[in-house]
Every structure is written in structure tokens, then in C-alpha cells.
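Trainee: Could we take a close look at one helix and what surrounds it? I would like a connected account, with the cut-offs spelled out.

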Amino acid sequence: MSRCLSFAATGNPAEVLELIERPLPPLGAHDVRVHMRYAPINPADLNFIEGTYGRPAHPPAIPGHEGCGEVVETGPAVTSLAPGDVVIPLLGAGCWTRHMTAAEHFFAKLPAGIDRVQASMLRINPVTAWRLLKGFVPLAEGDWIVQNAGNSGVGRAVIQLARHFGLKTASFVRRPELFDELRALGGDAVFLDDEAGLAEAKERLQGVELRLAVNAVGGDSAIRLMDLLSPEGSLVTYGAMSRRSLKVPNKFLIFKDLSLRGLWITRWFEQAGTAELFEVLDPLAKLVAHGELLQPVAEIVPMADFRRAIQLAQESGRAGKIVLDLA
């Protein structure tokens, strides 16, 4: 038997989630069994439980889009993994469980000494940041990009990866107390996400060609990014934190000819081939293992205390991720 968090109907995560016992499934020839150790609580996880995610849940279901664990058992035909290997699941859900059993190709092996908590947060935010920087606009060393939600998990990963790639970042945030923190992380310029901040950004970035802006907010915040973009620049939207629609003033299409793109990292994972996945995951895992790509953690909460963990994850102004200890 093994424990997991499950929901029998969509709704408020703090109300519909339950901690249950379930039998371990038999191990197929190509299967591995992983003892899951840690899993962060992401907005997408809460949306999935609520029934508002981009893909509907089919209860009863186990949530959790990412996590980290160690292989404890392998089927007789498994060749790529062995007991003791540190892995992350590549599945789209089901990580909030003490044990996960799936075919070996659904797991990616990580460096043995990697921090398990940081590894549990590798699959979504860092990969999203990598795709934003590498998948839309050709960028050369010294180029600038601009983003909102600079203190979000993806925003912080964008700053750290941009520095690694030799790029420069201008980030918008909602609170001035975040300025020094993001600058210490490697951010080159940080502004308040309001009209005064936009004016300051225009002065600071005067003469700079801005070909890429990444948007996690929508609404007026996205308009400010489009205002900063150079002609023929691209706005890539990967989130909608403000829950406000993306409104595009006609002038940005007519006079700037801006391109509007979107990124849903779940779809990219499903469409990418194995080689492409590992071309991204391998260098990211090495950066995490070397301490060059880190995500802040507000608190690690035991799985048994999941209701408090959910409530903490729903609070705004947190200093980092809420991570479930699944062990």
C-alpha cells in the first residue's frame, strides 16, 4: 500500500483533496517504481483540481504536475534506470503520491547529487523559461528581453538563464521591495509595473532594440510590454495572473507589426521528442546541481498536512514555493 493525495470531484482544493491509501500496481517489464520525495504546489495544480485548467481532470485523480524521487524497483526489461537513480516524472499529472509506477521513458534521470527539493521544481518553471528564451526569437549575447511578473517562478528562472546565456533582462514587478532581490539574482533592470515604471523603463532602455517580451499577467501589464517592444518584436504569453484578457491596441499591430505568440509548456512536453526533451533538461539539471539555477522555497510541508499547504499556496506575497514532503 502507498499514500497519495486524490480528489473524487473538482472544486476547492482544500475541500476536495483527500489523503488516501492505495495498492501498488504490479510492475511491468518496462516499468519502474519511484519513491517520490518532494513536489511543489503550482498554480496549474490548483487549477487542475478546481477544474479550470487547460485540460479537464477526470476524477478520481491524483494531482501534481512535477516532483522528484528515487527509483526503488525496476522491471526486468528496463535498461535506462536502476534503483537509487534520482529522477523526475515527465507525466502531466499524478506526482502527489508516495510511489509512482510508470514506463521508464516517462522519467528523466538527474545528477546523483542534485538537491531533491530544487529538482522537484525543474520540470515546469525552468523549462518554460528556457523555451521562452530559445523557442521564439533568435537572440544574441548582449540582447535585452523584457518581462512582467519578474518575481514569479518563471520570471526568476528567466533572469538566471538570461544571465547564463549572456542576455540582459528588464523586469516589471508589483512591489518595490523586490528590486534588490531580483538585481542580486542577476536582473539588469527592475521597474514597478505601472505607468510610472513604464516611463522609467522607456528612459532606461532608450535606444535598445527589444525584440522579445514575455507576458504572464495580461491586461494593462501586457500593454506596457507591447509599448516597449521594438517594431516587429514578439510578445509571448505564458500566463494570465491578472485574469484579464490580452487587449492589443491597433497601433501596435499597424505601426509596429508586433507578433503575438503563446506558450503552454504542457503541450510542448507532449509534442517534443525524447532527444529535444533531454537537450533542454540535461543542461538545466546541471545548472540546478551546480547551484546556478535556484527557485525560492517558502516552506516544505508534510503531505499529511496538505490542507495547510494548499492554504499557504493560495496566499499572495509568498517568498517562494510551497513544497510537499511526500516521504
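Mentor: Happy to; we will begin with the helix, go on to charged pairs and finish with a surface patch. A word on conventions: this is a predicted model, in which local features need pLDDT of at least 70 and side-chain atom pairs count only at pLDDT 80 or more, while totals for chains, interfaces and linings use all residues. Residues are numbered from 1 along each chain as its sequence is written, and side-chain values use heavy atoms, leaving out hydrogens and water.

Our helix is α2, residues 43–50 (helices are DSSP runs of H or I with at least four residues, strands are runs of E with at least two, and both are numbered from the N terminus). Its buried residues are Ala-44, Asp-45, Leu-46, Phe-48 and Ile-49; buried means under 20% relative accessible area, exposed over 50%, and partly exposed in between, with a 1.4 Å probe and protein chains only. An α-helix has 3.6 residues a turn, so residues three or four places apart point the same way. The buried residues of α2 pack against β1 (2–7), α1 (13–16), β2 (17–22), β3 (31–40) and α12 (306–314), where contact means heavy atoms within 4.5 Å. After α2 comes Gly-51, with a positive phi near 90°.

Strand β3 leads us to a charged pair. Arg-33 and Glu-73 form a salt bridge at 3.5 Å, N to O (a side-chain nitrogen of Lys or Arg within 4 Å of a carboxyl oxygen of Asp or Glu). This pair links distant parts of the chain, with Arg-33 in β3 and Glu-73 in β4 (residues 68–74), 40 residues apart. Arg-33 counts as buried because its relative accessibility is 8%, whereas Glu-73, at 37%, is partly exposed.

Next, look at Arg-308, which is partly exposed at 32%. Its side chain meets Glu-299 in a salt bridge at 2.7 Å, N to O, and Glu-299 is partly exposed at 28%. Arg-308 also forms a salt bridge with Asp-305, at 2.9 Å, N to O. Salt bridges with shared partners also join Arg-37, Glu-70 and Arg-116 into one network. The count by this rule comes to 16 salt bridges.

Phe-255 counts as exposed because its relative accessibility is 68%.
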